[in-house]
Amino acid sequence: MIIDVHAHWGPWFFTMDVAEVNLAVMDRYGIDLAVVSATEAVIYDAPSGNRALASVLERTDRLYGYVTVNPRRLADAERDLREYLPTGRFVGAKIHTDYTGSPVTSPQMREALAMLAELDCPALVHTWDSSVLDLAQACLDLPGLRAIAGHMGATGWRHAIEAARACDRLHLEPCWSHAPAGRFAEVAAAVDARQLLFGTDATLIDPASAFGAVAAAGLTGETAERVAWRNAADLFGIKIPPGHGSPPVPPER
């Protein structure tokens with residue numbers, strides 16, 4: 001069983017069309033489930049993209065959704081969260097700090113994170129370099145907040161170690177367009193295994209990059225299982241039937 005916690009649905013603004021390849025990519029790499037955000041929602045219009053993704057999730061049991069939140073359009077975000085989270089097909093929120101011009105330390109971002117904490121909605125947040133430390137501080141300031149540091153800080157993976165140690169409600173996932181040797185192994189050796197997740201950034205990045213980074217870490221036993229799927233299932237409330245290969249049970253709300 002593998003659950004990808006950082007994936008996307010819909011075409012990008014590059015010269016390619018990836019709208020229909022999610023399941024094919026998942027099949028190629030043996031990914032059973034993926035939690036996806038709508039590309040349109042992340043880079044252009046959150047309400048429109050969330051609405052389009054909702055219609056897709058009705059037709060597959062292998063994809064779960066993130067409600068994309070633009071901290072500068074909080075009224076729209078709250079409406080979408082209250083509409084889509086109760087369906088059970090959306091299990092978290094996605095915030096891209098750069099595309100929305102909303103650093104983790106900005107007032108708009110703190111309002112958005114406070115809203116997600118109140119809703120008990122896990123948040124995947126784009127982090128880079130030392131901003132992962134800011135996200136850890138936000139978790140400490142908002143006791144109900146559960147957050148995933150997207151890219152585990154990318155260039156700031158050593159900051160991510162400090163961040164994860166500071167707050168056990170901060171989770172780390174490794175996807176990045178670069179793959180420095182030993183990056184994920186160093187992080188996995190230094191933080192609680194319960195805070196590690198698997199993410200690929202598909203379909204923007206080929207999952208081979210994340211798979212290679214995790215495989216190179218040489219994880220075994222319970223730690224490997226936690227990274228592959230168990231931590232994600234626990235975080236998002238996805239029930240996995242015995243045997244791990246059976247169709248997933250929708251999360252409880």
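Which residues of β2 are buried on one side, and which on the other?

**Figure 1. Overall view of the predicted chain.** The chain contains 10 helices and seven strands. Its radius of gyration is 16 Å, close to the 18 Å that the globule rule gives for 253 residues, so the chain is as compact as a globular protein of that length. The C-alpha trace spans about 45 × 40 × 40 Å along its principal axes. Of the 253 residues, 57% are buried. The accessible surface is about 10,400 Å², and carbon and sulfur atoms contribute 52% of that area.

**Figure 2. Burial of strand β2 (residues 33-38).** Leu33, Val35 and Ser37 are buried on one side, and Ala34, Val36 and Ala38 are buried on the other. In a regular strand, side chains alternate between the two faces of the sheet. Six of the six residues of β2 are buried, so the strand is largely enclosed by the rest of the structure.

**Figure 3. Strand partners of β2.** Strand β1 (residues 3-9) runs parallel to β2 and is joined to it by five bridges. Within this pairing, Ile3 has Leu33 as its bridge partner. Strand β3 (residues 63-68) also pairs with β2 in the parallel sense, over three bridges. Here Tyr64 of β3 stands opposite Val35.

**Figure 4. The buried side of helix α6 (residues 131-141).** Ser131, Val132, Leu135, Ala136, Ala138 and Cys139 are buried. These residues lie on the same side of α6 because they cover an arc of only 155° around the axis. Their cover includes helices α5 (107-118) and α7 (157-166), together with strands β5 (123-126), β6 (147-150) and β7 (170-172).

How values were computed. Residues are numbered from 1 along each chain as its sequence is written. This is a predicted model: local features need pLDDT of at least 70, side-chain atom pairs count only at pLDDT 80 or more; totals for chains, interfaces and linings use all residues. Side-chain values use heavy atoms; hydrogens and water are left out. Buried means under 20% relative accessible area, exposed over 50%, partly exposed in between (1.4 Å probe, protein chains only). Helices (H or I, at least four residues) and strands (E, at least two) are DSSP runs, numbered from the N terminus. The arc is that of the directions from the helix axis to the C-beta atoms. Contact means heavy atoms within 4.5 Å. Two strands pair if DSSP finds at least two bridges between them. The radius of gyration is taken over C-alpha atoms; the globule rule is 2.2 Å times the number of residues to the power 0.38. Accessible areas come from the Shrake-Rupley method with a 1.4 Å probe; for residues, only the protein chains shown count as cover.
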